[in-house]
Amino acid sequence: MSTRTQTAPSVRTALYEAPGPRAKRRIAIGTAISAVLLALLAALVVRQFYVTGQLAPRYWSFLLEWPTWRFLLQGFVGTVEVALTAGAIALVLGLALMLGRTSGIAPLVALCRVVTDFFRGVPSLLLIYFFFLVVPQYGIQMPAFWMLTLPVALAASGVLAEVFRAGVNAVPKGQVEAALSIGLSPAKTMRRIVLPQAIRFVIPSLIAQLVVVVKDTTVAYVVSYPDLMQNARVLITNYDALLSMYLVVAVIYVLINFAINKASVYVAHRTGVKIIR
Amino acid sequence: MSLAELLGTYGQNYLDGLLATWSMTAISFVFVMVLAVLVTVARVSPVAPLRGLGELYVQVFRNIPGVALLILIAYALPQLRVVLDWRTCVIVTVVLLGSAFGSENFMSGINTIGVGQIEAARSVGLTFTQILRHIVIPQALRTTVLPMTNLLIAVMLTTALGSQVPLSPQELTGVVSYVNTRATGGILAFLISALGYVLTAFVISFVGNRLDKRVRILR
């Protein structure tokens, strides 16, 4: 969505002068106080876990068993399948929407604009309810996989269309003018000159957008598709260990998305491209 | 079901849903802004533990799926004897998620200010607080208008998480599932809620763009 520059430490460090002896002392005192407060906070949280009996081994021991992790891994595979399929569909659809919007054919431009804004302006949960509750009313039976994948893909396609458009806009105008003036058709200019560069510009953003797709797949339990979250819910009913399981799953999701974000930043760094959101 | 029939039976639900979405969005966004400022202050502070906490906060809440966080707050926290009512659960979830992105917006706003400006300000003798008040904050705010507009829309879309807990009154997404489990509302039942979101998003981004054009710093 927003253009995000990488957090360069330069401005952050430029804000402060090299601290003198008094400032150094004050920073040291501040560091000590905040460290103590944070430790206290952590201790309070652990205490609350202990007082409410949530540290009892029966809530955590099942996490040491292989079948637990095998089941979670199966869920993870489900998550990956949905995320990658939805991502692939969204790529194609997003590209098509962007091409339509920049085609210059008035009705097509208007249509693609409305569709893009619609999918960007609607929560993905609402789209999932559409495929889960509304589509079957018209006699269309869909497997749970598609009831989840299609809405996630549609929601992402709106965003990706805008990402692609930002990439196209980042290609210098002079190149388009040059291509047209040597006699290339507008379509050929797009295909041969603009798109190859635009796609390279947006690759890091596309990777970053996978995070949104992964997040959207977590509501798979609405359509009872066995993804990571749904399988965790099954484990919870088996072991009666709600808090520990949900905490572990949340941490897994955070790590997955963190890794995707890092990959995006790495690719952006390698190719010298800014991440467009 | 025809439109008239649908609105006749469930019109009030949709209206309440729209108002619930709007009010949760507004309340959440106020707290998002406050918390985003606090987190950003922590992230640029010279105190190492605070900076670490700020970074951890942003990484966690930027990457956690909304549903996972909502479930933790709504169903796991009560096991620690922290019980919040459903509406508060949704708002807290949205605020935690939104403030992480808000802080990222502020950070990139700060980073667009040239290091030279800060050095210049210091060399003419401005103090640290003066630099923040007269140089950094005004510029950071101006460049973040558009990202924050997008964040406001994202906050509104995130309140759809409210459909995953028994809210009353329900918000727009919850109304769709409510109507469709009771009647065959068809595509119309879905479109009414969708329009509620899309039109609101349209108004927000229109106002945001106008505001941005007025305050933007051309570089």
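Okay, a quick definition before we start: when I say helix here, I mean a DSSP run of H or I that is at least four residues long. And keep in mind that this is a predicted model.

With that, let's look at residues 145-167 of chain B. That span is 61% helix and 0% strand, and its end C-alpha atoms sit 32 Å apart. Why pick that span? UniProt, in an unreviewed entry, gives residues 145-167 of chain B as "transmembrane region", along with 20-44 and 187-209. Take residues 20-44 of chain B next: that span is 100% helix with 0% strand, and 36 Å separates its end C-alpha atoms.

Now, how do helices H1 and H8 of chain B pack? H1(B) covers residues 3-44, and its axis and that of H8(B) are 8 Å apart, at an angle of about 155 degrees. Angles over 145 count as roughly antiparallel, so that's what we call H1(B) and H8(B). On the H1(B) side you'll find Tyr10(B), Tyr14(B) and Leu18(B), among others, and they meet a set in H8(B) including Leu172(B), Val175(B) and Tyr178(B). By class, this contact has seven nonpolar residues, four polar and no charged ones.

On to the two chains. How many residues does each one put into the contact? Chain B brings 55 and chain A brings 51. On the chain B side, the helices giving two or more residues include H2 (48-63), H4 (86-111) and H9 (186-215). H9(B) gives the most, with nine residues. And the chain B side as a whole splits into 34 nonpolar, 17 polar and four charged residues.

Notes
Residues numbered from 1 in each chain as written. Chains lettered and ligands numbered in written order. Predicted model: local features only at pLDDT ≥ 70, side-chain atom pairs only at ≥ 80, totals over all residues. Contact = placed C-beta atoms within 7 Å. Nonpolar A, V, L, I, M, F, W, Y, C, P; charged D, E, K, R; others polar. Axes fitted to C-alpha atoms, helices over the stretch in contact; angles between N-to-C directions. Parallel < 35°, antiparallel > 145°, perpendicular 65-115°, else oblique. UniProt positions renumbered as here; feature names shortened; annotations may be inferred.
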